[in-house]
Amino acid sequence: MQPVVIRTERLVLDLPVPADADVVTRACQDPLFESVLTTPWPYERRHADAFLGEHVPKGWATGGELTWAIRANAGDPLVGMISVRETQNEIGFWMVREHRGAGVMSEAATAVAEWVLAGGIAGASTVFWRAVVGNTGSAKVARAAGFRHIRPADSLVPDRDGNLRPAWFGVREAIVDPRAESSWNEILGPRA
Ligand SMILES: CC(C)(COP(=O)(O)OP(=O)(O)OC[C@H]1O[C@@H](n2cnc3c(N)ncnc32)[C@H](O)[C@@H]1OP(=O)(O)O)[C@@H](O)C(=O)NCCC(=O)NCCS
């Protein structure tokens, strides 16, 4: 698949490129990433170079993983990263720490889910989200993006070492389920 650009009210989601390596290397030093993501730890410049130079283009070419840089404008430094993996159309994301809390990831995740479900990925009728139990920031993004909290029998996610950890799961269809918002109350409480 050719890389696709998605535009939202405030954002441009486009191809992450090798020139983004400095920003990615810095962002992935965030101590939070050690516990909630599967990005390499410790994260080194060579990881960003391989990710941007090999993994991202290969993911688009094969359709295995579609990854976007989140920017305010084309050509700006990225403020976050979001991807959809072929396996179950699973969405994953992170924000550069200084740019959090402004609703950026909620806007980006909504746009990516809607793009997938509007035919961006042929035949996709669901998008999945999962996070380690306790990652409330990620769960709030999933809630804001119209996902519904679900409890699969096997609610586990592998960490970077392949060990399985208890996880929260969510699913979203093209039309947001009317029960989606309230489904999060038991883990997040009602929205403030
Ligand atoms: C999760 C993450 C991407 C959120 O990005 P963001 O741009 O700050 O998200 P938004 O501004 O759209 O915030 C969405 C909601 O999450 C809340 N939130 C954001 N970060 C939070 C955090 N660390 N802890 C608790 N709540 C958080 C916001 O207050 C907002 O709440 P609301 O819906 O009640 O208004 C960001 O915190 C991050 O990069 N975390 C580390 C990586 C990660 O966990 N990725 C997901 C792995 S599954």
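Modeller: His 47 has a relative accessible area of 17%, and because the limit for a buried residue is under 20%, His 47 counts as buried. This reading rests on a predicted model. His 47 belongs to helix α3, which covers residues 45-62. Leaving aside residues up to four places away in sequence, His 47 is in contact with Pro 40 and Pro 42. A polar atom of the His 47 side chain also lies 2.8 Å from the backbone nitrogen of Glu 44. Val 24 is 23 residues away from His 47 along the chain, and the two C-alpha atoms are 9.3 Å apart.

The side chain of Ser 138 forms a polar contact of 2.9 Å with the side chain of Trp 129. When residues up to four places away in sequence are left out, Ser 138 touches Trp 129 together with Phe 93 and Ala 131.

Ser 138 is one of several buried residues in helix α5 (residues 136-144), the others being Ala 139, Val 141, Ala 142 and Arg 143. Just after α5, Gly 146 adopts a positive phi of about 90°.

These details can now be placed within the whole chain. The protein chain contains seven helices and nine strands. Its radius of gyration is 16 Å, close to the 16 Å given by the globule rule for 192 residues, so the chain is as compact as a globular protein of that length. The C-alpha trace spans about 40 × 35 × 30 Å along its principal axes. Of the 192 residues, 47% are buried. Among contacts with a separation of 6 or more, 61% join residues 24 or more positions apart. The accessible surface amounts to about 9800 Å², and carbon and sulfur atoms account for 54% of it. Finally, the chain carries 20 positive and 23 negative charges, whose mean positions are 3 Å apart.

Conventions. Residues numbered from 1 in each chain as written. Predicted model: local features only at pLDDT ≥ 70, side-chain atom pairs only at ≥ 80, totals over all residues. Heavy atoms only, no water. Helix = DSSP H or I, 4+ residues; strand = E, 2+ residues; numbered from the N terminus. Rg over C-alpha atoms; globule rule 2.2 N^0.38 Å. Buried < 20%, exposed > 50% of the residue type's maximum accessible area, 1.4 Å probe, protein only. Contact = heavy atoms within 4.5 Å. Areas by Shrake-Rupley, 256 points an atom, 1.4 Å probe, with all protein chains shown as cover. Lys, Arg positive; Asp, Glu negative; His and termini not counted. Charge placed at Lys NZ, Arg CZ, Asp CG, Glu CD. Polar contact = N/O pair within 3.5 Å; in protein donor to acceptor, adjacent residues only side chain to side chain.
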